[in-house]
Protein chains: 2
Amino acid sequence: MARVGLTVERLVRAGADLADEVGFDEVTVSALARRFDVKVASLYSHVKSSRDLKTRIALLALEELADLVADALAGRAGKDALVAFANVYRDYAHAHPGRYAAARLDLDPETAAASAGPRHTQLAAAILRGYDIPESEHVPAVRLLGSVVHGYVSLEAGGGFAHSAPDSAETWPRILDALDALLRNWPAAPS
Amino acid sequence: MARVGLTVERLVRAGADLADEVGFDEVTVSALARRFDVKVASLYSHVKSSRDLKTRIALLALEELADLVADALAGRAGKDALVAFANVYRDYAHAHPGRYAAARLDLDPETAAASAGPRHTQLAAAILRGYDIPESEHVPAVRLLGSVVHGYVSLEAGGGFAHSAPDSAETWPRILDALDALLRNWPAAPS
DNA sequence: TAGTTTGCCTAAACACTTTAGGCAGCATAC
DNA sequence: GTATGCTGCCTAAAGTGTTTAGGCAAACTA
């Protein structure tokens with residue numbers, strides 16, 4: 001019985017690759033075992049359950065994404081930063097659809113709090129430093145930013161823009177122009 | 001063998017209810033059979049497969065939503081229409097989380113084209129009539145609108161805003177204010 | 001080298017999906 | 001009012017995924 005050298009890390013990484021290939025919903029403990037040419041039960045020493053595996057893949061994706069965003073934002077400000085920020089998500093979703101889907105998995109509150117999720121919020125907030133938005137409006141502005149980026153990327157991934165012209169790649173820069181314009185002219189809060 | 005009177009319509013409606021109760025991912029032919037107190041195999045005369053069932057639930061949800069949006073938009077224009085439009089989606093997602101998730105199912109191109117999906121696009125486009133946006137910018141504007149609404153609602157549903165103040169219900173009106181402001185001051189396309 | 005840990009195994013129970021083939025309830029035709 | 005046929009729900013069975021219990025051998029540790 002040759003030992004293959006399974007570890008949680010290897011399993012999670014392979015699971016993420018599998019997700020990118022066949023879709024996050026298709027990631028299964030069985031499929032992962034096949035990929036390592038190992039019996040299914042063997043994985044259960046490393047991973048508690050199918051749900052646990054998926055959660056770990058989600059955490060990996062969130063980390064990777066946060067690292068990429070942090071890199072992209074370094075040394076940029078204003079629209080430059082905004083565009084870089086948004087493109088990281090969109091490019092990642094295209095290059096790693098399974099991982100991106102994983103990053104959208106509903107985590108339970110404690111897990112979510114310990115994940116890279118909050119880092120994403122902070123990074124988004126950092127972009128606002130390049131714009132003149134009152135502190136009190138930062139939360140809604142960050143949420144809008146996240147909504148637009150996630151919304152566009154996810155509708156695009158779901159084929160929502162596939163059957164109308166022009167191509168979704170063409171309208172994307174316009175979306176960013178609009179977002180930049182909005183942040184430059186953020187409306188005053190009503191009295 | 002008392003006949004229960006299964007029909008595709010009853011199954012799909014019950015499936016949608018089930019989705020709202022336990023989550024769309026948990027909707028299963030078996031669970032549906034249990035709900036009708038009928039053997040699993042019996043459902044397969046009405047529904048081709050589990051995938052078929054889910055697709056039909058998705059189509060139902062898209063129809064319901066489009067009808068609600070159409071109703072809400074009747075007799076409204078400008079920001080009034082925008083707010084009504086966005087609220088339909090958000091309220092629907094809160095009241096019917098499973099149906100809303102179903103509406104986001106990836107449909108194959110032909111099915112998607114025959115669904116109420118295109119109606120959603122048309123309804124969103126109708127909102128722009130209340131704003132002064134050049135025809136050539138309608139597509140990006142509609143996509144932005146859809147992205148913000150879907151993005152916010154889906155991040156909210158995923159608990160993305162759950163662990164930061166203020167409550168997501170409080171920032172929502174500000175998001176709509178911002179969206180309205182953006183549509184009123186849509187940036188000119190770069191030369 | 002002996003003992004302990006630990007990695008991967010076999011075996012088995014349980015759930016969901018899907019197909020094949022059977023029998024009985026119901027509607028129609030006479 | 002009975003015969004005929006369709007259809008709805010059934011039983012049976014095979015395939016796949018999840019998960020747990022318990023075993024054997026490989027690899028550290030002394």
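**View 1. Gly151(B) and the rotation axis in the predicted model.** Among the residues of chain B, Gly151(B) comes closest to the rotation axis, its C-alpha lying at 1.9 Å. Chain B is superposed on chain A by a rotation of 180° with 0.0 Å of shift along the axis, and the RMSD is 0.0 Å. The two copies are therefore related as by a two-fold rotation axis.

**View 2. The contact between chain A and chain B.** Chain B contributes 34 residues to the contact, and chain A contributes 34 residues. On the side of chain B that touches chain A, at least two residues are supplied by each of helix H7 (109-114), helix H9 (138-157) and helix H10 (168-184) of chain B. H9(B) provides the largest share of this side, twelve residues. By class, the side of chain B that touches chain A comprises 17 nonpolar, twelve polar and five charged residues. Because 100% of the interface residues of chain B are also interface residues in chain A, the copies meet through the same surface.

**View 3. Helix H10 of chain A and its packing.** Helix H10 of chain A covers residues 168-184, which makes 17 residues. From its first C-alpha to its last, the helix reaches 24 Å, close to the 24 Å expected at 1.5 Å a residue. The buried residues of H10(A) include Trp172(A), Ile175(A), Leu176(A), Leu179(A) and Leu183(A); Ser168(A), Thr171(A) and Arg174(A) are also among them. Within chain A, the buried residues of H10(A) pack against helix H5 (78-95) and helix H9 (138-157). In chain B, their packing partners are H9 and H10.

Definitions and conventions
Residues numbered from 1 in each chain as written. Chains lettered and ligands numbered in written order. Predicted model: local features only at pLDDT ≥ 70, side-chain atom pairs only at ≥ 80, totals over all residues. Contact = placed C-beta atoms within 7 Å. Helix = DSSP H or I, 4+ residues; strand = E, 2+ residues; numbered from the N terminus. Nonpolar A, V, L, I, M, F, W, Y, C, P; charged D, E, K, R; others polar. Least-squares fit on C-alpha atoms with pLDDT ≥ 70 in both. Expected span 1.5 Å × (residues − 1). Buried ≥ 20, exposed ≤ 12 C-beta atoms within 10 Å, placed from the backbone.
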